[in-house]
Amino acid sequence: MACGTQHPAVRLVDLHSGSSIQSLTGHGGAVLATAWSPRHEYVLATGSIDGTVRIWDIRRAGAQIGMLDREDSLGLYYNGLLSDGKVRTRASAKAHDAPVNGLTWTDDGGYIISASHDSRIRVWDAATGRNTLASFGPGIRNTQLASVTMFTSPVGLTHPGREYLFWPNESEILVCDLHNGDIITKLRGTGAAVAGVRGSKKSERSVRNRVSSIVWRGAGGTGGSSGVVMGGANMPGAIFSAHLDGQIRAWTPGLEGPDEDDVDEEDFMLGARDGKARKRKALDDVYKSLIGQKITFT
């Protein structure tokens, strides 16, 4: 397990013995986000309050193998950092202008996504470190110091190159196109959005039903996915979101059937309105068989 704390060193802990077996040093401040590669079990990405994102290979003595640079839109090969099969690490590079408190990988390990207090989400080519320059617009909200849970759509849910990013944007969940940043839809629950204004230099809003965590749950509960995306190979699934108002909300996708009209990809992902009652009854029956009681969807 990789542990990020107020100490700038990332600690790897053996869960069997409970002891710290390795310390990854390099960050200049508290570590707010860690994420293991789903493709290579020994590759780790970490984000810090100093605005850096570092990539580690825990098999190596020095461990660090690179840093993500917001100014690099070409990649290791074209900027001269990769030659003769050897990678020369950057001495200094920043991924964001503010603390990095969110990190995740696409389900196939091809891209790294980072989020920061500078209200930017960046998508990186995991093979080269290239900033893909995906722009998610000015509507991104990221003000909490705690780590932010975000994830991309599991493999098989969308066509290659058209993955979705699920982002907890205060009291709503944004579903965005991962590669161009376009907002496809917004998932909003019920309840008051703003509880008041917190006394601070930036007048940070205290959101009553802020989304504190989100997770994807595949229908079968098994598969090769890792992290917050579970059961990616078993569609359809559902999104569960936890909120500071004490509620857990379930967001279910639409189900395909031979008796339904064709729906576009967005309707399939988020649920077409036609036939909603029948679809929800089918999902309700599935969950009833799993937990022994009905769920009321809001």
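## A walk from a buried arginine to the cores

Start by selecting Arg-249 and Asp-245: the two form a salt bridge, with their closest N and O atoms 3.4 Å apart. The term salt bridge here means a side-chain nitrogen of Lys or Arg within 4 Å of a carboxyl oxygen of Asp or Glu. Arg-249 is buried at 2% relative accessibility, while Asp-245 is partly exposed at 26%. Buried stands for under 20% relative accessible area, exposed for over 50%, and partly exposed for in between, using a 1.4 Å probe and protein chains only.

A quick word on what's on your screen: this is a predicted model, where local features need pLDDT of at least 70 and side-chain atom pairs count only at pLDDT 80 or more, while totals for chains, interfaces and linings use all residues. Residues are numbered from 1 along each chain as its sequence is written, and side-chain values use heavy atoms, with hydrogens and water left out.

**Next stop: other charged pairs.** The structure holds seven salt bridges. Pick Arg-59 and Asp-57, whose closest N and O atoms are 2.9 Å apart in their salt bridge. Here the arginine, Arg-59, is exposed at 58%, and Asp-57 is buried at 8%.

Within it, Arg-70 pairs with Glu-71 at 3.7 Å between the closest N and O atoms. Arg-70 is partly exposed at 24%; Glu-71 is exposed at 63%.

**Into the cores.** A nonpolar core is a set of buried Ala, Val, Leu, Ile, Met, Phe, Trp, Tyr and Cys residues joined through side-chain atoms within 4.5 Å. The largest one has 14 residues, and those with the most contacts inside it are Ile-113, Ile-121, Phe-136, Leu-165 and Trp-167. Colour strands S11 (111–116), S12 (121–125), S14 (164–169) and S15 (172–177), as each supplies at least two residues of this core. Strands are DSSP runs of E, at least two residues long, numbered from the N terminus.

Zoom in on Trp-167. What does Trp-167 touch, not counting residues up to four places away in sequence? Its partners include Ala-115, Ile-140, Val-148, Met-150 and Leu-174, where contact means heavy atoms within 4.5 Å.

Apart from this core lies another, of 13 residues, with Ala-45, Val-100, Leu-103 and Ile-112 among them.

**Last stop: cysteines.** Select Cys-3, partly exposed at 23%, and then Cys-176, buried at 1%. Searching the whole structure turns up zero disulfides, a disulfide being a pair of cysteine sulfur atoms within 2.5 Å.

Methods:
Helices (H or I, at least four residues) and strands (E, at least two) are DSSP runs, numbered from the N terminus.
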